[in-house]
Amino acid sequence: MPERKVVIASSGGLHARPAQLFVQAAGQQPVAVLIAVGDRPPVPAASILSVLSLGAVHGTEVTLSAEGDGAEESLVALADLLGQDLDAEAPEAATGKAGGDA
């Protein structure tokens, strides 16, 4: 099963807003993605309650895993998202928008 390790870059960790952006992006992937902290069992990345229960703060290393067609691409996209400070501004990967509104 493909895996990707990433350090949470959001200054507040995966609290409400960053977790919501991550969960929305995970739910849009073509495969089910799991996220884990340390040796704890992985939880569904598309579940807001599961992601919040991880208690991932800034600097926490998480492991993303998925299996199936599109797994690698999904892991790269979600790892890139977690590698951004989601508290700073809405990232393009999460919003699906390029550029500003006119």
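Predicted model: local features only at pLDDT ≥ 70, side-chain atom pairs only at ≥ 80, totals over all residues.
Start by selecting strand β1 (residues 3-7) and strand β4: 5 bridges join the two, and they run antiparallel. Strands here are DSSP runs of E with at least two residues, helices are runs of H or I with at least four, and both are numbered from the N terminus. Two strands count as paired if DSSP finds at least two bridges between them.

Residues are numbered from 1 along each chain as its sequence is written, and side-chain values use heavy atoms, with hydrogens and water left out.

**Next stop: the other side of β4**

Walk along the pairing: V33 stands opposite A66, A36 has T63 as its bridge partner, and V37 stands opposite V62.

How many of the residues of β4 are buried? Select residues 61-66 and you have the strand: 5 of its 6 residues are buried, so β4 is largely enclosed by the rest of the structure. "Buried" means under 20% relative accessible area, "exposed" means over 50%, and "partly exposed" is in between (1.4 Å probe, protein chains only). β2 is mostly covered as well, with 4 of its 5 residues buried.

**Zoom out to the sheet**

Show the 4 strands together and you'll see an open sheet in the order β1-β4-β2-β3, with antiparallel pairing. The edge strands are β1 and β3 (43-44), each pairing on one side only. β3 pairs with β2 in the antiparallel sense over 2 bridges, and L34 stands opposite P44 in β3. These two strands form a hairpin with 5 residues between them; click on G38 in the turn, which has a positive phi of about 60°.

**On to the helices**

Select helix α1 (residues 16-27) and helix α3 (residues 71-82): their axes come within 10 Å and cross at roughly 170°. The axes are lines fitted to C-alpha atoms over the stretch in contact, and angles run from 0 to 180 degrees between N-to-C directions. α1 and α3 are therefore roughly antiparallel to each other, a label given to angles over 145 degrees. The contact (heavy atoms within 4.5 Å) is made by L21, F22, A25 and A26 of α1 and L78, L81 and L82 of α3. Those residues divide into 7 nonpolar, no polar and no charged. Nonpolar covers Ala, Val, Leu, Ile, Met, Phe, Trp, Tyr, Cys and Pro; charged covers Asp, Glu, Lys and Arg; polar is the others, Gly among them.

Stay on α1 and color its buried residues: P18, A19, L21, F22, V23, A25 and A26.

**Last stop: helix α2**

Find I48, which sits in helix α2. Is I48 buried or partly exposed? At 34% relative accessibility, I48 counts as partly exposed. Leaving out residues up to four places away in sequence, I48 touches A19, Q20 and V23.

Finish at S50, also in α2 (residues 48-53). S50 is buried, at 17% relative accessible area, and touches V43 and P44, again not counting residues up to four places away in sequence.

Conventions: Parallel < 35°, antiparallel > 145°, perpendicular 65-115°, else oblique.
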